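Please find my comments on the model below.

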Amino acid sequence: MDSLGIDLAVLGQRIRHYRSRSGLTLDALSAATGIASSILSLIENGKREPKLSALGEIAAAVGVSVSELLSPEAPNSRAALELELQRAQNSPLYGALGLPSIRPSKALSDEALSAIVGLHRELERRANEAIATPEEARRANTELRELMRSRNNYLPEIEALAEERVRAAGHRSGALTHREVSVMAEQLGFQLIYANDLPNSTRSITDLEHGRIYLPPASIPGGHGLRAMALQAMAHRLLQHERPTSYAAFLWQRLEINYFAAACLMPQQASVRFLSEAKAERRLAVEDFRDAFGVTHEAAALRLSNLATEHLGLTMHFLRVNGDGALLKGYENDGLTLPTDVTGSIEGQWVCKKWSARSAFGERNRTTENYQYTDTPVGTFWCATQTGFTNDSEFSITVGVPFDDAKWFRGRDTQLRASSSCPDEACCRRPPSGLASRWAGHAWPSARLHAHVLSPLPSGTFPGVDDAEVYEFLDRHTETGSQL
Ligand SMILES: [Zn+2]
């Protein structure tokens with residue numbers, strides 16, 4: 001392209017086309033226009049931009065108007081193929097292959113040119129197919145969540161595999177130690193090596209030839225995260241994963257390796273024994289399960305969701321919610337209505353402000369779980385929420401059950417009670433009418449960009465921004481006269 005947006009390759013093709021049609025050689029055109037034939041050759045090959053005066057000379061010599069020369073269409077089908085070949089060969093996709101470029105000279109037959117261009121088209125189509133769009137990713141994620149819901153979040157084959165590997169490593173009870181994880185790796189023919197230069201885009205890298213699993217260095221020696229990552233790397237081998245061919249296959253592998261790691265850190269038999277005793281004594285608590293097995297609150301809550309229905313006869317829900325109220329992960333088989341977008345995707349959707357997953361952010365005491373009963377249009381649920389911080393934001397982890405099953409849990413005697421009518425917008429999404437009439441048209445929030453790839457932008461007057469929260473903020477600060 002030149003500075004005026006003219007495609008020089010197309011212009012060159014058109015000049016060559018009209019020159020041949022008028023039976024002129026390059027030298028004859030040079031004589032007629034006074035432009036050196038070497039320059040004309042560069043122009044015809046799209047490597048030089050002609051001056052406007054030169055264009056006028058050329059147009060007159062070949063008997064067409066300047067605007068005819070400047071048309072953006074390829075002059076004939078052969079020229080169109082040549083232009084397409086040129087574009088394809090200049091693309092990064094072709095460049096990455098390290099293959100030579102072909103000049104579409106006269107020696108190249110139309111048939112050969114068509115075949116090569118056809119291969120380029122197919123190469124590009126396959127490359128595009130391989131890139132999962134955010135929409136495809138969300139759809140695959142939703143299908144996976146529905147599949148796991150139908151299986152009560154339980155995968156018996158992986159439970160059995162994890163139990164077997166953990167026993168073989170000599171583990172008998174309590175938390176799986178870092179040493180036992182190393183033994184598990186050795187039994188698979190792998191050595192765990194800690195490297196501080198792993199690529200940012202990887203969690204671990206396995207050297208299949210030398211039997212090494214490279215992991216990031218421990219921020220907390222032997223911490224849960226490190227044991228989990230080593231176990232996930234081993235799971236790829238144990239489950240004989242092949243290179244995923246679709247986004248759905250990639251997500252399924254991720255789910256399987258996470259499941260395997262959790263089932264090793266909290267083995268089925270020991271976990272079910274622990275949880276069943278707690279249930280019998282009516283003191284079930286995710287925090288106790290977490291502490292007994294030395295894992296994070298989130299890992300313990302998710303693990304409970306694997307075992308609760310199959311082994312404890314309980315249906316339940318799990319939520320991980322960001323400090324801004326967006327749902328990052330969710331699971332339910334107890335009928336709770338999770339917020340969804342039109343495609344059925346839950347990630348990035350706002351959770352009701354009345355739910356304990358969000359109201360717990362306002363609680364002062366963060367050392368223990370917050371308990372709350374919430375009335376919803378589909379029944380009353382009891383929930384236990386633990387809040388915490390990551391590097392850049394706060395989050396909450398919630399486990400909840402229908403009202404009738406609260407009796408098995410510690411915290412069932414909470415006096416906290418809330419009422420939610422979500423997804424009815426009047427519940428907590430619509431600004432109160434007084435605030436709306438005061439601030440609509442007078443507020444200009446700048447939205448924070450959600451980094452999470454699966455997050456769609458929740459809709460509001462400003463994409464990704466909660467109007468009610470903006471108006472309340474403005475009101476608060478206007479009334480108190482606070483200034484920056
Ligand atoms: Zn609500």
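The points below begin with the basis of the values and then go through the features in turn.

1. This is a predicted model, in which local features need pLDDT of at least 70, side-chain atom pairs count only at pLDDT 80 or more, and totals for chains, interfaces and linings use all residues. Residues are numbered from 1 along each chain as its sequence is written, and side-chain values use heavy atoms, with hydrogens and water left out.

2. A cavity here is a set of points on a 1 Å grid over the protein atoms alone where a 1.4 Å probe fits but cannot get out; lining residues have an atom within 4 Å of a point. Among the residues lining the largest cavity are His 317, Trp 355, Phe 381 and Cys 383. Its lining divides into six nonpolar, five polar and no charged residues, where Ala, Val, Leu, Ile, Met, Phe, Trp, Tyr, Cys and Pro count as nonpolar, Asp, Glu, Lys and Arg as charged, and the others, Gly among them, as polar.

3. Helix 10 covers residues 156-168, and its 13 residues reach 18 Å from first C-alpha to last, close to the 18 Å expected (1.5 Å times one less than the number of residues). Helices are DSSP runs of H or I with at least four residues, strands are runs of E with at least two, and both are numbered from the N terminus. Buried residues in helix 10 include Ile 158, Glu 159 and Arg 165; buried means under 20% relative accessible area, exposed over 50%, and partly exposed in between (1.4 Å probe, protein chains only). Just after helix 10, Gly 170 has a positive phi of about 95 degrees.

4. There are seven aromatic pairs, meaning rings of Phe, Tyr and Trp (its six-membered ring) with centres within 6.5 Å; planes under 30 degrees apart are stacked, over 60 edge-to-face and the rest tilted. Phe 289 and Phe 293 are edge-to-face, because their centres are 5.4 Å apart and their planes at 70 degrees. Phe 289 is buried at 1%, as is Phe 293 at 4%.

5. Tyr 373 and Phe 403 form a tilted pair, with 5.5 Å between centres and 45 degrees between planes. Tyr 373 lies in strand 6 and Phe 403 in the loop between strands 8 and 9, so the pair ties together parts 30 residues apart in sequence.

Methods: On a 1 Å grid over the protein atoms alone, a cavity is a set of points where a 1.4 Å probe fits but cannot get out, and a pocket is an open set with protein on both sides within 12 Å along at least five of seven lines; lining residues have an atom within 4 Å of a point.
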